[in-house]
Amino acid sequence: MNAALLIDSSYFIAAFLFIYGLKRMSSPLTARSGIVVAGVGMVLAVLASFLYTLDVNEAAKPHLSTNLTLALIALVLGLGWAWRSGKKVAMTEMPQMVALYNGMGGGAAAAIAAIELIGYKTHGTVSLSLAVLGGLIGAIALSGSLIAWAKLDGRINKTLRFSALQLVNGSLLLVLLAIGAYIIWHGGIVAWPVFAVFFALALIYGVMMTMPIGGADMPVVISLYNAFTGLAVGFEGYVLNNPALMIAGMVVGSAGSLLTLLMAKAMNRSVANVLFSNFGATSDEAEGDIAGSQKPIDASDAGINMRYASKVIIAPGYGLAVAQAQHKLYELVKLLQDAGVEVKFAIHPVAGRMPGHMNVLLAEAGVPYDIIFDMEDINGEFKEADVAIVIGANDTVNPAARTNKSSPIYGMPVLNVDMAKQVYVVKRGQGKGYSGVENALFYADNTQMVYGDAQKVMVSMIQAIKSLGGGH
Amino acid sequence: MDYTTTILTGFVALYIFMLAAFTGFEIIGRVPAILHTPLMSGSNFIHGIVVVGALWALLNASSLPEQIIGFVGVLLGAGNAAGGYVVTERMLQMFKPSSKTNKE
């Protein structure tokens, strides 16, 4: 059997399985099988690639056994490390892990570009341009994702900001494009230090681009770098004449771009706004006085009131996950359901750290997805709810986003929890939210505050309801 | 059998890029928000296919710098693919409808 035919057919099947797998992943019912389908495609493509050993170029033939050994070692090391780390990571830390794996993909694309360029293997203006562009984007995705990972993981707390930063970054990008054009202009035949400087500057640019961005915006940035890596992979696929890379890369490039736009839209901001403006800097301005005071209530009293409500809507936030209270919360939900209370979850698009992150965290606790509702679907129901309980969420439930034009978060879509008859807010202390904005909800007449660690609060609520003895 | 690899260049490549871009756009456009995180992770896994390109580059390396960069490339690409798969699979495993959980 012809090796080239075998490789090409494997890639064809792999490309089909990737798209079919992604398609299945787009519905909760079939999502689980979708990733398996795509995984089969990946294994097939990687196995088929070893057929390359039958047909390497003349210059590489004497090195074939060394190269093959290196390839196997690299595969085993990369696979082994990633498999272990992926199995271990906690669900709350998922966003930074995705960032890390994404950066690795960008690095691999940049590595392909580097080999093609330093080996002077690429010819033709189109191939050369895509090799250079893919290398640039891949390198930016690599260093940018690493910074995003370090920030979300709490390894870097500083946000680098100085007034001329955008100017510096702009000039850096211009220099990069100029070097890229220089390489292409000379048909790729330039001394190797030019390539070294090019990749080094691209890596630095990725760092500089990500450093000024605050933690809350990081998901948008990770999604953007995900799209970047996809594009870089697609471009390098063209250079290598590899259709599997071209198709997979471009599908991810466009899907990732759309996902980035959706995420930014959910926060009522543009992607450019996320990248180039300093959100935290605006929140120091006066937001107008908030009338009223925060009224505390005991956790057990709040629990008992919920037990006798007919409809309860829960608005969870990242604080819930940090306190690891999802499991206790679901226990509470089951108790309420057994007592005949209708319980629904209301999920803000950016609850958690990424869109859909909260759904994953609730799913981990076993909460069935058909009592979990998106903001648009449930916002109209709050006025029929007897109790809305906010757990570890803040900015996403701030009514000031609807009413107060001077608020920095004005215009951001929020959950209308304030429209429920009674609102309980479970919160550790009297602090502000991630954006640093004061929350008018906490001072509203129908709001009562349950102070304490979310997990402990859940436990007291459960005990209080259980002590009623089955509601006789 | 006389088969040689099709060279994908010029407009053929452009068509592939265009159709692939629309495919990605269409798939994500109709996805409920609850699946955005797993899907981002899933698409992150799919660009792990870059490992295949890195493999080709490493197998065709003919100098030490090329071998070093190729090794790093395969290492990173394999990490992208394997890590992306594991975390996506773990996330998706947890999505269950009410009926199933009630039976437990």
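Two strands count as a pair when DSSP finds at least two bridges between them. With that in mind, here are some close-up views of a predicted model.

**Figure 1. Strand β2 of chain A and its two partners.** Strand β2(A) covers residues 342–347, and five of its six residues are buried, so the strand is mostly covered, buried here meaning under 20% relative accessible area. Strand β1(A), residues 311–316, is joined to β2(A) by four bridges, and the two run parallel. To find your way across this pair, look for I313(A), which stands opposite K344(A) in β2(A). Strand β3(A), residues 372–374, is linked to β2(A) by three bridges, again in a parallel arrangement. Here the landmark is F345(A), which stands opposite I372(A) in β3(A).

**Figure 2. Y120(A), a residue with positive phi.** Y120(A) is not a glycine, yet its phi is positive, at about 50°. You will find Y120(A) in the loop that connects α4 (94–118) with α5 (125–152) of chain A. Is the residue buried or partly exposed? Y120(A) is partly exposed, and its relative accessible area is 34%.

**Figure 3. Q324(A), also with positive phi.** In Q324(A), a residue other than glycine, phi is near 55°. The loop that holds Q324(A) lies between α13 (318–322) and α14 (326–338) of chain A. Q324(A) has a relative accessible area of 41%, which means it is partly exposed.

Figure 4. L335(A) belongs to helix α14 of chain A. Which residues does L335(A) touch, not counting those up to four places away in sequence? They are I462(A), I465(A) and K466(A). For I462(A), which is 127 residues from L335(A) along the chain, the C-alpha atoms of the two residues are separated by 7.6 Å.

**Figure 5. The second largest pocket, lined by residues of chains A and B.** This pocket has a volume of about 700 Å³. Of its 28 lining residues, the closest to the centre are L240(A), N241(A), T5(B), I7(B) and W56(B). Helices α1 (3–25) and α8 (218–239) of chain A and helix α3 (50–59) of chain B each give at least two residues to the lining. Which element supplies the largest share of the lining? That is α1(A), with five residues. Sorted by class, the lining holds 14 nonpolar residues, ten polar ones and four charged ones. If you like to think in terms of probes, rolling one the size of a water molecule over the atoms shows where empty space is left.

**Figure 6. Chain B, a chain of helices.** The secondary structure of chain B consists of five helices and zero strands, giving the pattern α-α-α-α-α when read along the sequence. Among the 104 residues of chain B, 61% are buried. Take the contacts in chain B with a separation of 6 or more: 65% of them are between residues 24 or more positions apart. The accessible surface of this chain amounts to about 4200 Å², and carbon and sulfur atoms account for 67% of that surface.

Definitions and conventions: Residues are numbered from 1 along each chain as its sequence is written. Chains are lettered from A and ligands numbered from 1 in the order in which they are written. This is a predicted model: local features need pLDDT of at least 70, side-chain atom pairs count only at pLDDT 80 or more; totals for chains, interfaces and linings use all residues. Side-chain values use heavy atoms; hydrogens and water are left out. Buried means under 20% relative accessible area, exposed over 50%, partly exposed in between (1.4 Å probe, protein chains only). Contact means heavy atoms within 4.5 Å. Accessible areas come from the Shrake-Rupley method with a 1.4 Å probe; for residues, only the protein chains shown count as cover. On a 1 Å grid over the protein atoms alone, a cavity is a set of points where a 1.4 Å probe fits but cannot get out, and a pocket is an open set with protein on both sides within 12 Å along at least five of seven lines; lining residues have an atom within 4 Å of a point. Grid points are joined across faces, edges and corners, and a volume is the space filled by probe spheres set on the points. Ala, Val, Leu, Ile, Met, Phe, Trp, Tyr, Cys and Pro count as nonpolar, Asp, Glu, Lys and Arg as charged, and the others, Gly among them, as polar.
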